[in-house]
Amino acid sequence: MKRKILAALLASTMVLSLVGCGGGSAEAPAAPAADSGAATEEAPAAEEAPAADAEAPAAAGGEETLTVWCWDPAFNLNAMYEAEKVYQKDHPNFKLNVVEIPWDDIQTKVTTAATSGDLSTLPDIFLMQDNAFQKNVLAFPDVCMDLTNSGIDYSQFAAGKTAYSVIDGKNYGVPFDNGAVVACYRTDLLEQAGLTIDDFTDITFDQYLENGKKVLEATGKPLISMQAGECDLIMMMLQSAGASLFNDDGTANIVNNETLKIVMETYKSLKDAGVLTEVNSWDEYVGDFVSGNVAGTINGCWIMASIQTAEDQKGNWAITNMPSLVGASGATNYSNNGGSSWAVTTKCANPELACDFLAKTFAGSNELYDNILPSGALATWAPAGDSSAYGEPNEFFGGDAVSAKIVDFATKVPTNITGAYYYEARNAVATAITNYINGSDLETELQTAEQTVNFNMQ
């Protein structure tokens with residue numbers, strides 16, 4: 001069994017290396033086909049982090065330096081540098097060695113280190129995409145430290161965000177950037193249809209469809225566009241009802257997933273009515289709302305940075321929550337798309353320091369979140385939403401205090417089961433929705449998607 005597991009993981013490493021060189025988005029490494037316990041028996045369990053103390057101890061020789069891997073200088077690296085400044089106020093000898101590494105390359109390095117059994121090449125802390133957390137911890141149980149008893153108060157984070165890095169009831173990540181879903185609209189275009197942002201707040205997708213028909217008739221513009229062959233909106237709709245493509249035991253939940261069927265039917269109805277249009281690339285997707293080809297979009301709150309590049313549209317945008325599914329158990333107007341969390345490696349030379357640093361910055365500092373807000377880094381740490389900086393009006397979005405609103409949205413996002421094979425399931429469903437839109441039978445497509453996921457898991 002161990003040889004089979006190692007062979008599968010090494011194969012994943014080679015694939016990731018090739019993808020990383022191309023600069024594309026890499027999938028997380030393949031987890032063992034058997035349950036997570038099989039992998040755990042073959043590899044040492046992750047260490048449990050010590051609770052953060054009021055005075056974090058320095059490493060041997062008084063060293064108080066931590067090495068961090070992350071990507072995106074203007075966003076993630078900037079956040080770490082600001083966290084360093086905050087922590088240095090009470091720990092003047094503290095230093096960070098922040099290394100810029102693309103996510104694809106981080107994934108490859110983690111895979112290589114874990115499968116070789118040599119974790120010495122890993123940093124003290126690294127940033128991990130939320131949707132890759134389950135697979136990495138299950139596949140490599142000796143890489144990430146158990147932070148459950150580290151002194152970090154996870155109750156202060158949005159539950160839906162925290163759930164991404166919880167495996168078997170244990171916390172392995174510290175939530176960072178906010179991926180709460182926002183529905184964004186051109187208020188000047190809505191006005192032409194006799195509508196306002198209030199007509200899109202706390203609504204269902206049935207109401208969204210009817211409003212979209214009015215906007216289309218009045219302006220000739222769809223409400224929204226999505227990238228063909230992708231399923232971002234599908235996954236957002238699914239999570240908004242607390243549903244997942246997996247069961248609690250890790251098995252695929254596609255064929256008998258009633259919420260997924262509602263999602264697929266809802267998506268197709270929007271497409272058939274012309275309220276939703278599909279484009280061929282990400283650039284076209286962004287270009288649609290920047291150039292005014294559509295009246296809005298639904299996505300993670302990070303999309304607002306792209307919207308604001310259209311300076312001529314300042315004041316003509318507004319945000320609210322997303323529509324809810326009709327007929328789905330547990331339907332809400334809230335979801336999440338994207339985001340990442342910090343992980344502490346078991347190789348960390350000073351775990352007490354690492355945990356204390358994270359507990360007092362990303363899990364405990366309003367000052368930090370106020371400082372990084374201008375770069376677009378919104379918190380999922382709930383207390384940050386109460387700060388005066390988050391309450392500042394955003395003139396681009398009609399003078400609304402959008403930052404505080406988004407933090408509130410994040411606290412209402414339902415949790416769901418990401419699963420170790422999230423990317424494989426997502427890709428299978430993306431194929432299914434494309435075929436369904438083009439006339440294929442829904443039940444047949446769902447059956448094929450589940451068979452594909454089951455094949456990948458074996």
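In what order do the five strands of the open sheet stand? The order is β2-β1-β3-β12-β6, and the pairing is mixed, where two strands pair if DSSP finds at least two bridges between them. This is a predicted model, in which local features need pLDDT of at least 70 and side-chain atom pairs count only at pLDDT 80 or more, while totals for chains, interfaces and linings use all residues. Residues are numbered from 1 along each chain as its sequence is written, and side-chain values use heavy atoms, with hydrogens and water left out. Helices (H or I, at least four residues) and strands (E, at least two) are DSSP runs, numbered from the N terminus.

- Strand β1 (residues 65-70) pairs with strand β3 (residues 125-129) in the parallel sense over two bridges, and V68 stands opposite I125 in β3.
- Helix α3 (residues 72-88) lies across β1, β2, β3 and β12 (340-344) and runs at about 175 degrees to β2.

**Strands β8 and β9**

- Strand β8 (residues 224-227) and strand β9 (residues 276-279) run parallel and are joined by four bridges, with S225 standing opposite T277 in β9.
- From β8, I224 and M226 point one way whereas S225 and Q227 point the other way, and all are buried (under 20% relative accessible area, with exposed over 50% and partly exposed in between, using a 1.4 Å probe and protein chains only).

**Helices α8 and α10**

- The axes of helix α8 (residues 205-219) and helix α10 (residues 258-273) come within 10 Å and cross at roughly 10 degrees; axes are lines fitted to C-alpha atoms, for helices over the stretch in contact, with angles from 0 to 180 degrees between N-to-C directions.
- The contact (heavy atoms within 4.5 Å) is made by F205, Y208, L209, K213 and L216 of α8 together with T266, S269, L270 and A273 of α10.

**Cysteines**

- The count of disulfides comes to zero, a disulfide being a pair of cysteine sulfur atoms within 2.5 Å.
- The sulfur of C348 is 7.3 Å from the closest cysteine sulfur, in C355, which is too far for a bond.
- C348 counts as buried at 8% relative accessibility, and C144 is also buried, with a relative accessible area of 3%.
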